[in-house]
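Thanks for coming. I will show one structure and go through a few of its features.

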Amino acid sequence: PTATYLMMAICIGVFAYGEAAETSRVLVEDYGYLPSRLAERGAEGYIGLVTHMFLHGGWLHLIVNMIVLWSFGRGLEPVMGSFRFVVLYLVTGVLAALAHGFVNDLSNVILIGASGAIAGVLGAAVVAAPRLPVIFVIVPMPLWISVIALVALHVAAIMFDWDPEIAWHAHLAGLAVGAVLYPLLRRRPAA
């Protein structure tokens, strides 16, 4: 799964660079996704739609995202092919960010993290292998049940305004986009 490891390496490398050079804040401000920049800066404002996926707000944010990407990307990428997997990752990340900006009034809050794109990988994985056994929190269950539980938690988080710094809408949008895109992007068996 070369592309999976490449995405992980970019995320880890960017985070490590920001920490070592003490430029994390500057990287976030310059390359995070800020919805209000789309109107203000024209083409330059769109760069953050892609670059935000490779920035993280702390070690825990990075580690959780990399574990989920590693867990599902390694199985999904060989089924899809590396190029299609990268397309899935980038498109779901961009659409998740746009959905987040559209749904939230927080157009002046910078969005960072690979969560929307990784949720897209998870959405594709649940379509590809719904019965895949996973451990959700500490309970073993099929992937499709864990995704239903994850969606329910996200809906509750939005309804009760849990941790407003987490991009709950981006996660849900990424999950939905990944589920829709997988049938379009998966490899077709040779006739």
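Which helix holds Leu-153? Leu-153 is in helix H9, which covers residues 143–159. Please keep in mind that this is a predicted model.

Next, a pair of helices. Helix H6 spans residues 59–80, and helix H7 spans residues 82–103. Their axes come within 7 Å and cross at roughly 130°. That angle makes H6 oblique to H7, because the oblique class takes angles that are not roughly parallel, antiparallel or perpendicular, and antiparallel needs over 145 degrees. As for handedness, the crossing of H6 and H7 is right-handed.

Now to a strand. Ile-135 sits in strand S1, residues 133–136. With a relative accessible area of 63%, Ile-135 is exposed, since the exposed class starts over 50%. Along the chain, Ile-135 and Ser-146 are 11 residues apart, and their C-alpha atoms are separated by 8.1 Å.

Last, Ala-9. Helix H1, residues 2–20, contains Ala-9. Ala-9 has a relative accessible area of 45%, so this residue is partly exposed. How many residues apart along the chain are Ala-9 and Met-66? The answer is 57, while their C-alpha atoms are separated by 9.4 Å.

That is the end of my part.

Definitions and conventions:
Residues are numbered from 1 along each chain as its sequence is written. This is a predicted model: local features need pLDDT of at least 70, side-chain atom pairs count only at pLDDT 80 or more; totals for chains, interfaces and linings use all residues. Side-chain values use heavy atoms; hydrogens and water are left out. Helices (H or I, at least four residues) and strands (E, at least two) are DSSP runs, numbered from the N terminus. Axes are lines fitted to C-alpha atoms, for helices over the stretch in contact, and angles run from 0 to 180 degrees between N-to-C directions. Angles under 35 degrees count as roughly parallel, over 145 as roughly antiparallel, 65 to 115 as roughly perpendicular and the rest as oblique. A crossing is left-handed if the near helix is turned anticlockwise from the far one by less than a right angle, and right-handed if clockwise. Buried means under 20% relative accessible area, exposed over 50%, partly exposed in between (1.4 Å probe, protein chains only).
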